[in-house]
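I opened my notebook to get to know a structure that is new to me. Come and look along with me.

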Amino acid sequence: MGLIEFSNKLMKEHNNHVIKFHITETVYVKSDNEQIPRTVIGINLLPHSSVLYSVTENGDVSRFYDFELSHESDDLKKIK
């Protein structure tokens, strides 16, 4: 089992937090009008069952809560 698989398994087994996105998955920021694909590179488990995801795009790292992210691109946001 590799490091990424182990990390994902550990996150799934955590009792109080719901992990919706996993390391190496591609996600989209719901509020991003350009709908740029980003990669999950970190998962922070916070108090009160909150989960904060670190995502990267072209070397820039940002952090978002699960309700700010999606597995799917919102193509309607790209239309100007």
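My entries below go from the sheet to the aromatic rings and then to the core.

**Ground rules.** I am working with a predicted model, in which local features need pLDDT of at least 70, side-chain atom pairs count only at pLDDT 80 or more, and totals for chains, interfaces and linings use all residues. Residues are numbered from 1 along each chain as its sequence is written, and side-chain values use heavy atoms, with hydrogens and water left out.

**Entry 1: the sheet.** I looked up the strand order and found an open, antiparallel sheet of five strands, β4-β3-β2-β1-β5. Strands here are DSSP runs of E, at least two residues, and helices are runs of H or I, at least four, numbered from the N terminus; two strands pair if DSSP finds at least two bridges between them. Which strands stand at the edges? They are β4 (60-65) and β5 (69-70), and each has a single partner strand, so one side of each lacks a neighbour in the sheet.

Entry 2: I then checked β2 (residues 38-45) against β3 (residues 51-57) and found six bridges in the antiparallel sense. V40 has V55 in β3 as its bridge partner.

**Entry 3: a residue in β3.** I picked S54, which sits in strand β3. S54 is buried at 7% relative accessible area (buried is under 20%, exposed over 50%, partly exposed in between, with a 1.4 Å probe and protein chains only). Leaving out residues up to four places away in sequence, S54 touches T39, V40, I41, G42, N44, V61, S62 and R63; contact means heavy atoms within 4.5 Å.

**Entry 4: aromatic pairs.** How many aromatic pairs does the structure hold? I found two, where rings of Phe, Tyr and Trp (its six-membered ring) pair if their centres lie within 6.5 Å, with planes under 30 degrees apart stacked, over 60 edge-to-face and the rest tilted. F21 and Y53 have ring centres 5.3 Å apart and planes at 85 degrees, so they are edge-to-face. This pair links distant parts of the chain, 32 residues apart: F21 lies in the loop between α1 (3-13) and β1 (26-29), and Y53 in strand β3. F21 is buried at 4%, and Y53 is buried at 0%. The rings of Y65 and F67, with centres 5.8 Å apart and planes at 0 degrees, are stacked. Y65 is partly exposed at 33%, while F67 is exposed at 57%.

**Entry 5: the core.** The largest nonpolar core has 12 residues, among them F21, V40, Y53 and V55. Such a core is a set of buried Ala, Val, Leu, Ile, Met, Phe, Trp, Tyr and Cys residues joined through side-chain atoms within 4.5 Å. β1, β2 and β3 each give two or more residues to this core, and β3 gives the most, with three.
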